[in-house]
Amino acid sequence: MFALPRLSGFLPKTSLGGVRFRSQLAPRRVQNVRRHKGRIPIPTGGSTRGTTLAFGDWGIRIKGMGVRFTAKQLTTAEEVIKKKIKVVRGAKVYLRVFPDIPVCIKGNETRMGKGKGTFEFWATRVPTGRVIFEIGGTPIREELAREALRQAADKLPTTFEFVTKQSLPRLGNTLVQPSTLPSSILPTASVDLAS
């Protein structure tokens with residue numbers, strides 16, 4: 001009768017051959033599909049980047065051990081938060097991590113050799129103290145934000161703490177206290193040498 005156009009030309013493709021939709025957390029392109037397993041980073045250099053809120057008013061950050069989150073876990077937690085705060089018009093959820101690590105798995109009871117396993121899912125490695133979700137956009141009551149983030153934390157495989165704009169940055173398991181600089185390090189007034 002009549003032919004329907006093929007939809008495969010219109011859908012965005014990943015390099016893994018699968019189709020990536022807007023709602024899925026996956027990178028658009030990947031250079032190496034099969035990557036090393038890697039380790040969860042341990043913040044040892046003194047950097048507190050990513051441990052305080054940047055976009056929202058309320059958030060959760062990892063209090064327990066660093067962990068590897070899958071894209072499905074992050075999507076599920078994000079949906080829980082959105083469902084809880086949808087009563088507040090203009091409220092936004094900010095996801096501060098992104099699953100960009102491909103995880104490959106070989107089948108159980110497979111003999112040694114014959115290469116690495118096939119691609120299974122996307123994941124991200126997150127260290128202790130990193131903020132995962134933030135809620136903002138419009139003013140939200142603290143009780144509602146606390147409840148939404150608590151429900152999202154229940155879906156994820158580690159322990160979390162509730163953070164606000166006033167929360168101190170974290171370096172691993174320790175809170176970084178703001179210290180006053182010694183007078184020898186403080187900037188001095190510039191002296192005009194022309195006079």
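I count two strands as paired if DSSP finds at least two bridges between them, and I take helices (H or I, at least four residues) and strands (E, at least two) as DSSP runs, numbered from the N terminus. With that settled, I looked up Val 103, which stands opposite Phe 121 in S5.

**Entry on the model.** I am working with a predicted model, in which local features need pLDDT of at least 70 and side-chain atom pairs count only at pLDDT 80 or more, while totals for chains, interfaces and linings use all residues. Residues are numbered from 1 along each chain as its sequence is written, and side-chain values use heavy atoms, with hydrogens and water left out. The mean pLDDT (the predictor's confidence in each residue, from 0 to 100) is 82 for the protein, and 80% of the residues reach 70 or more. Over residues 7-15 I found pLDDT below 50, and this stretch has 14 contacts (heavy atoms within 4.5 Å) beyond near neighbours in sequence.

**Entry on the four-stranded sheet.** I traced an open sheet of four strands in the order S3-S6-S1-S7, with antiparallel pairing. Its edge strands, each pairing on one side only, are S3 (92-95) and S7 (160-164). Neighbouring strands here are turned by 20° against each other on average, direction ignored, where axes are lines fitted to C-alpha atoms, for helices over the stretch in contact, and angles run from 0 to 180 degrees between N-to-C directions. Strand S1 (residues 58-62) pairs with S7 over five bridges in the antiparallel sense, and I noted that Ile 60 has Phe 162 as its bridge partner in S7.

**Entry on the helices.** Helix H1 (residues 71-85) packs on this sheet, touching S3 and S6 (131-136), and its direction makes about 20° with that of S6. Helix H2 (residues 142-154) lies across S1, S6 and S7 and runs at about 30° to S1.

**Entry on the partners of S5.** I then followed S5 (residues 118-126), which pairs with S2 (residues 67-70) in the antiparallel sense over four bridges; the partner of Thr 70 in S5 is Ala 123. Strand S4 (residues 101-105) also pairs with S5 in the antiparallel sense, over five bridges.

**Entry on a pocket.** Which residues line the second largest pocket? I found Ile 40, Pro 41, Ile 42, Pro 43, Met 65, Gly 66, Pro 127, Thr 128, Gly 172 and Asn 173. On a 1 Å grid over the protein atoms alone, a pocket is an open set of points where a 1.4 Å probe fits, with protein on both sides within 12 Å along at least five of seven lines, and lining residues have an atom within 4 Å of a point. The volume, the space filled by probe spheres set on the points, is about 150 Å³ for the second largest pocket.
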